[in-house]
Amino acid sequence: MKNADWSARDLAVLWHPCTQMKDHEQLPPVPIRRGQGVWLEDFDGNRYLDAISSWWVNLFGHGHPHINAALKDQLENLEHVLLAGFTHAPAIELAERLIRLAPAGFSRCFYADNGSSAVEVALKMSFHYWRNAGKSAKTRFVTLTNSYHGETLGALAVGDVPLYKQTYEPLLMKPLTVTSPDCYYREPGESWADHSRRKFADMASALTEHAGSVCAVIVEPLVQCAGGMRMYDPVYLSLLREACDRHGVHLIADEIAVGFGRTGTLFACEKAGIRPDFLCLSKGLTGGYLPLACVLTTAEVYAAFYDDYEKLRAFLHSHSYTGNALACRAALATLDLFERDDTLANNRSLAQVMAQAARGFEDHPHVAEVRQTGMILAIELVRDKATREPFAWRERRGFRAYRHALKRGVLLRPLGDVVYFMPPYVIAPDEIRFLADVAGEAIDMATKD
Ligand SMILES: *Cc1c(COP(=O)(O)O)cnc(C)c1O
């Protein structure tokens, strides 16, 4: 069977995520036969460099021998058992390790099975904590403009990307939305830190005014990924932690995309030296192998739910696949690799190679900004470099770049007109340079006339 056969069968029965299916009349889905390291191979023998880690989940490449071996071993013993009333070694060991690795002060790990569900868990836990604490006037959440927290209705409600949210607005709870510290909008000559600090004024006044009705502030630490890889300085998180404490409001850090080394430290919050009240993790958690998520929280939160059954204070949230044994085992193997390969140190030099390889883009007539935080590098395409006027969205410049790069053997998947690199950590310097060359061609093709 060749690509065309699989694509035809696919298009007869599948409905793909985040896709206008009619686009596939022009460009059919690419059927992948195997993955090895940073490379994907289709049924016609073409290879694609997975520059976006298969939607940000893959950390150590496809088909990693250590993770494969761990899964095979786990499969021989236990694939899954319910986590209510029962438990198993991978779920316990993973919770122990995550609590040890995360910023100090967490003591509990609640599992879910995807990122959106983890966000739902954190929102419900925060709300429920305040109810159990006798503060039932606290019913709202504070979010940042341009944020993204997933697609289920609660997670969508606290996000702010109109393309995904607008249609469903009548179904959604209403958060308080505060201006993001997004440093794309800093003044000429202003540092990221100064801009981020200045933007905190909006958050400070929202909290001063509304703290009595607010359960929690939810943020994506340092990088608003789905919102176009917009970035800000850690000082914002330090100020936010301090203000949340002062006003008696929880802080939810959604590190679903930025956790596990993407920003340079294992968790992005470490850069600000803070511990949120809830830390949401997923995506890279299993190295890109299996769906799994968790929310880490504190002894204080846990204690507000711990009581005699008849008091009805328990957190009764559940998902069938909570803490799946195979997924937990893949996560343990992934954490092994961080230690074994000294990944964070290696990433520091890879991040430099990425910066070097992308340096030339700054002079491109249609590039407004090249920005980077650790292993995430983004290139913002605009119609007019001087005024930063964007391209008309209907022109789908990013999609043009995507199509060109595919032909050249690179999987880029721009967010609107933002081309970005977020590769697996096993990418080689030569592969980074190849990726940048192809991205350069793709940007030229996508921005001409
Ligand atoms: C991807 C993502 C989510 C949602 O995770 P899913 O597993 O896709 O539901 C939530 N928050 C952030 C920051 C994400 O990047």
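This report describes the overall build of a predicted protein model, and then its salt bridges, its cysteines and one patch on its surface.

**Overall build**

The protein contains 14 helices and 16 strands. Its C-alpha trace extends over about 65 × 60 × 45 Å when taken along the principal axes. When contacts between residues at least 6 apart in sequence are considered, 70% of them join residues that are at least 24 apart.

**Salt bridges**

Side chains of opposite charge can pair when their charged atoms come close. The structure holds 26 salt bridges, and the table lists some of them.

| Pair | Closest N and O atoms |
|---|---|
| Lys2 and Asp44 | 3.9 Å |
| Arg197 and Asp194 | 3.1 Å |
| Asp430 and Arg433 | 3.1 Å |

The salt bridge between Lys2 and Asp44 links distant parts of the chain, since Lys2 lies in the segment before helix H1 (3-13) and Asp44 lies in the loop between strand E2 (39-42) and strand E3 (47-50), 42 residues apart. Lys2 is partly exposed, with a relative accessible area of 47%, and Asp44 is also partly exposed, at 36%.

Where in the chain do Arg197 and Asp194 sit? Both belong to helix H8 (residues 192-210), and because they are three residues apart there, about one helical turn separates them. Arg197 is partly exposed, with a relative accessible area of 42%, and Asp194 counts as partly exposed at 39%.

Asp430 and Arg433 are found in helix H14 (residues 429-447), where they are three residues apart and so are separated by about one helical turn. Asp430 is exposed, with a relative accessible area of 56%, whereas Arg433 is partly exposed, at 42%.

Salt bridges can also be joined into a network, and in this protein such a network links Asp182, Arg186, Arg230, Glu369, Arg371 and Glu380.

**Cysteines**

The structure holds zero disulfides.

**A nonpolar patch**

Which residues form a nonpolar patch on the surface? The patch is made of Leu153, Tyr168 and Leu171, which together have about 310 Å² of accessible area. Leu171, one of these residues, is located in the loop between helix H7 (162-165) and strand E6 (176-178), and this leucine is exposed, with a relative accessible area of 57%.

Terms used:
Residues are numbered from 1 along each chain as its sequence is written. This is a predicted model: local features need pLDDT of at least 70, side-chain atom pairs count only at pLDDT 80 or more; totals for chains, interfaces and linings use all residues. Side-chain values use heavy atoms; hydrogens and water are left out. Patches are made of residues with over 30% relative accessible area and no salt bridge: like charges are joined within 9 Å, nonpolar side chains (Val, Leu, Ile, Met, Phe, Trp, Tyr) within 5 Å. Accessible areas come from the Shrake-Rupley method with a 1.4 Å probe; for residues, only the protein chains shown count as cover. A salt bridge is a side-chain nitrogen of Lys or Arg within 4 Å of a carboxyl oxygen of Asp or Glu. Helices (H or I, at least four residues) and strands (E, at least two) are DSSP runs, numbered from the N terminus. Buried means under 20% relative accessible area, exposed over 50%, partly exposed in between (1.4 Å probe, protein chains only). Contact means heavy atoms within 4.5 Å. A disulfide is a pair of cysteine sulfur atoms within 2.5 Å.
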